Amino acid sequence: MTTKRKPRKAIEPTVAMRAPAPIQTIKHDTYKLSYGPLGIMGSMGYHSARVMRDVDGTTPTRASGARHEQTSRDRLVNQSREFARDNLLYGGIIGRCVDFAIGNGYELVTPNSEVSKRWSDWIATAEISGRYDGAKLPRAYMREYLETGEGIALKVKGGKVQLCESEQIQAHDGIQQGIGTDAYGRPTKFYMSAYVNGNLDIPKPVKASNVLFMCERERPSSVRGVPPCQTAFPMLHRINDVLDSEALTWQLLSRLALKHSSGTGTPFGNTTTNNGGLTVLEMPYSIVFEGSDMEDLIPIDHNRPSKDFPASVTLFCRMLGIPFGMPLELVLMDFTKSNFSQMRGALVLAQKSFNHLVDNMVVDFYEPLYKWKLEEWITTGELEDTLENRMHSWVLPQFPWINELEEANATEKKIGLGLMSYEEACKTRERKYEDVRAARKREIIEAIKIAQEIEVETGERVPWQPFAGLPVGQTEQAEIVKQGANTEEAGTDAQPE
């Protein structure tokens, strides 16, 4: 027995189900613009991906951050190394970032002077090879980070530190990026290769807890870092092309002095003809030519560099510093076209970028090292495990002052208004508050003793502040003058008639 099904009722298509309006395409010689149902705005949405493929043939890929790094990272690092060796602008930017982000090094501040002394003595000789003493160690670490996107150092036996290069992290045992991670993406092992006669040896696993690794990952799925300035690499290539082209044009033009115009051919004697049929004449450094009335010798104007060349290079250099937030004035070290307000504003914005580098150095380099050494000293019984010994802070490098007087007055007002403590003011000048306080105490005591000695020897009371480099207040100066006048009056009354 069979049953007949009732025919389904036709469903009226909704707006979302209707076929889209046809795409209108306007063809041009080298490209084409597409206008969808929303007009020209249609090409600004998802449809722009197809336009992009039609115009320049690019096809962006969808993959994890680790997969993109695996494909492109080695080439980016190699390009960065080459720029650092050969490109003056790139090397200058890297060096400027190291200068501002590291300065003279980061100084530890602790309530216990013994801890500070131990740390200062150790960090000066922490690098195992002995080639990076003092501030050279963090400078080399920061330079590696800026060039490759990764700062790497190993904690080795004996309480020393070994600097490594990004290329020493090698793929091994199926770990393509050379860094093993757990299910949450936390690094567990680093496969490190040593250099043997300039070549990389077989990688060996190193626990992640023994590796100082500073890296700014672009995506949560990323494992390694890329050079921070890699987005400016195309601009560096363009700058090189412009400079080379201008230099070659200038070199060619400098060899030309006169343009000869004649209807009777060349008057300079023997000429040679190359395979292409072009007549070429080799001229000495100077010639004497006597032309007829129908011949002209026109001097060639050496207008090099071209009028737009300085502006073009300036624009390129300004774009080059964008990844680091560095203004053109710092890239070219030229403040002649800026006033104080412009310089101050540019440096304030640049300082935010450099503060980020400073924070990374504290979190990924100095703090792990300090905690490692502190635990070692506590374990061996050299220090007690107290809250005072664990309390610490850092004196960080600061941006230079543009106008010493203006900055000093601003700092003084901040202290007076309670917006800044005297300790914070000392740190802005990369000084320890404890050192400044002890030095100030010693100077004041010595200044008071000098003033007392002068009063004993001459009978005159003088203010002690000038001997300590401090200004004398008006009230205190008036009091000294008043006491001096009273002393003179008392001496006059005591004299016999």
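**Close-up views of a predicted model**

**View 1. Helices α6 and α7 cross with a left-handed sense.** A crossing counts as left-handed if the near helix is turned anticlockwise from the far one by less than a right angle, and as right-handed if clockwise. The model is predicted: local features need pLDDT of at least 70, side-chain atom pairs count only at pLDDT 80 or more, and totals for chains, interfaces and linings use all residues. Residues are numbered from 1 along each chain as its sequence is written, and side-chain values use heavy atoms, with hydrogens and water left out.

The axes of α6 (residues 233–253) and α7 (residues 309–320) come within 10 Å and cross at roughly 160°. Axes are lines fitted to C-alpha atoms, for helices over the stretch in contact, with angles from 0 to 180 degrees between N-to-C directions. The two helices are therefore roughly antiparallel to each other (angles over 145 degrees; under 35 is roughly parallel, 65 to 115 roughly perpendicular, the rest oblique). Helices are DSSP runs of H or I with at least four residues, strands are E runs of at least two, and both are numbered from the N terminus.

**View 2. Residues in the contact of α6 with α7.** From α6, Met235, Leu236, Ile239, Val242, Leu243 and Glu246 meet Phe309, Val313, Phe316, Cys317, Met319 and Leu320 of α7; contact means heavy atoms within 4.5 Å. This set divides into 11 nonpolar residues, no polar and one charged. Nonpolar covers Ala, Val, Leu, Ile, Met, Phe, Trp, Tyr, Cys and Pro; charged covers Asp, Glu, Lys and Arg; the others, Gly among them, are polar.

View 3. Buried means under 20% relative accessible area, exposed over 50%, and partly exposed in between, with a 1.4 Å probe and protein chains only. The closest cysteine sulfur to that of Cys229 belongs to Cys97 and lies 8.0 Å away, too far for a bond. The disulfide count is zero, where a disulfide is a pair of cysteine sulfur atoms within 2.5 Å.

**View 4. Pro327 in the loop between α7 and α8 (328–332).** Pro327 has 13% relative accessibility and counts as buried. Leaving aside residues up to four places away in sequence, Pro327 touches Ala346 and Ala350.
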